Amino acid sequence: MTDTIAAQSASAPVYTVTQERKVVTAIPGPKSQELHERRRAVVSDGVSSALPVYIERANGAILVDVDGNQFVDFGAGIGVTTVGHTEANVVAAAASQLQDVIHTLFTITPYEEYVRVAELLAEHTPGTFAKKTVLVNSGAEAVENGVKIARKHTGRRAVAVLDHAYHGRTNLTMAMNYKASPYATGFGPFAGDVYHAPSSYPYRDGLSGPDAAARTIAYLEKVVGAADLACLVVEPIQGEGGFMVPADGYLTTLQGWCTANGVVMIADEIQSGMARTGRFYASEHFGWEPDLVLSAKGVAGGLPLAAVTGRAEIMDASQPGGLGGTFGGNPVACAAAVAVFEAIDRNGLLAEAERIERTLKSGLAKLAERYDIIGDIRGKGAMVAIELVQPGTAITEKQPNPEAVSQIVAFAAQRGVLFLNAGTWGNVLRFLPSLAVTDALIDDALTVLDDAFAALG
Ligand code: PLZ
């Protein structure tokens, strides 16, 4: 505790774990294997783990497991520890809040931290119009509340999403995801009135933004009808689907159509938000001002917190008591979120995200010259991916190559680098590090990646 409090007043980040990769046992090591046996007896098989090494400590961009191995973390808990693992100011703010008040329930007796987070979200989400917020616990819960609010505001029933989307694991959001397996298989019946419209996927559809938007709109008008459509929910850069960056003009054309037709357009910024892409919200890259913005994951530095923020007149549609939940906007999570906003400014993290994009993309471009299964390099800031295809098909057929991604992820794990897969066909390797990752760590991981490609043969 003394270490982190001291770090609070320092300007440069202070790390409590050396920022280096270190492999000292087989992966997983003996202690991890022992814990895995215990886990198998008591944790549901429905919960899987991509890499069953049990983590004891984490700091900056490094995970330390129970066997003393240090992993360079290119997952950040799927885009959660954006400001860095156990960022000193976040730790200090949460620790201090724990001493003062842990819980009251905002819908019973409110507290300032909730209001402060709502102010910060109003200030940092795109658009200068009056905005209001509701705080909840998880990304899926933010999606659910965004849809509730849009339905109440419009008095309409239908919900539209895009192909390749991911929105969560609750009943409504299972129906909103593109992929059935593993998220939905066997878990129905599902919520109705959810429509899946074609998206913008430049690598595969080759369409301009306006042309892709025209295709989406034609689908919505024909299959749903604007008069019944409450909302269109869109990830500005799709996450689980494979980091597709939509073609220029796609999102703004859709927003124009939504506005003209009284449809609430909702940005799911759960994975792309909170400075990750070099802007506070990825929507800004496209000049998009959504009606509602969903935040989660990175918003509280690793504590559970999520939000729906948007146009005041839409957010006020619900009757008093219509929105809430026991833990939504927990004081400790809110205190951490305030520290996250401060850390982004103080540590210049928007610029760090741009640095990470430059280093990663130039390293990946060099690899693409030598490995022709790299079909596409895309993304923004610290949200970058490569899409792998079968040898010889990169230019013409673009046949997905999930086997190569799995082999690379497994190879890298053995060397102490944690990479995540993604993509509708599992053929995307994503780089989603915390913004604390140094160029030296990225270069080191790229060397491991080079070896992993070479080992594919
Ligand atoms: N919307 C865009 O990325 C969560 C899922 C991990 P929750 N993505 C990671 C897993 O295997 O469950 C996500 C997202 C986007 C919504 C969500 C849902 O957020 O906090 O997991 O509910």
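Which residues are linked in a network of salt bridges? In this predicted model, in which local features need pLDDT of at least 70, side-chain atom pairs count only at pLDDT 80 or more and totals for chains, interfaces and linings use all residues, the network joins R204, D376, R378 and E387. Residues are numbered from 1 along each chain as its sequence is written, and side-chain values use heavy atoms, with hydrogens and water left out.

With a salt bridge taken as a side-chain nitrogen of Lys or Arg within 4 Å of a carboxyl oxygen of Asp or Glu, the count comes to 19. R21 pairs with D444, their closest N and O atoms being 2.7 Å apart; because R21 lies in the loop between α1 (2–9) and α2 (30–42) and D444 in helix α15 (residues 439–455), this pair ties together parts 423 residues apart in sequence. Helices here are DSSP runs (H or I, at least four residues), numbered from the N terminus. A second salt bridge joins R370 and D450 at 2.8 Å, N to O, and links helix α13 (residues 349–370) to helix α15 across 80 residues.

Around the ligand stand 14 residues, with G139, A140, R169, D268 and Q271 the closest, where a residue is near if one of its heavy atoms lies within 4 Å. An oxygen atom of the ligand lies 2.6 Å from an N or O atom in the side chain of R169, and a ligand oxygen is 2.8 Å from a polar backbone atom of A140. The protein covers 80% of the 510 Å² of accessible area (Shrake-Rupley method, 1.4 Å probe) that the ligand has on its own.

Technical notes
A polar contact is a pair of N or O atoms within 3.5 Å; within protein, one must be able to donate a hydrogen and the other to accept it, and residues adjacent in sequence count only if both atoms are side-chain atoms. Helices (H or I, at least four residues) and strands (E, at least two) are DSSP runs, numbered from the N terminus.
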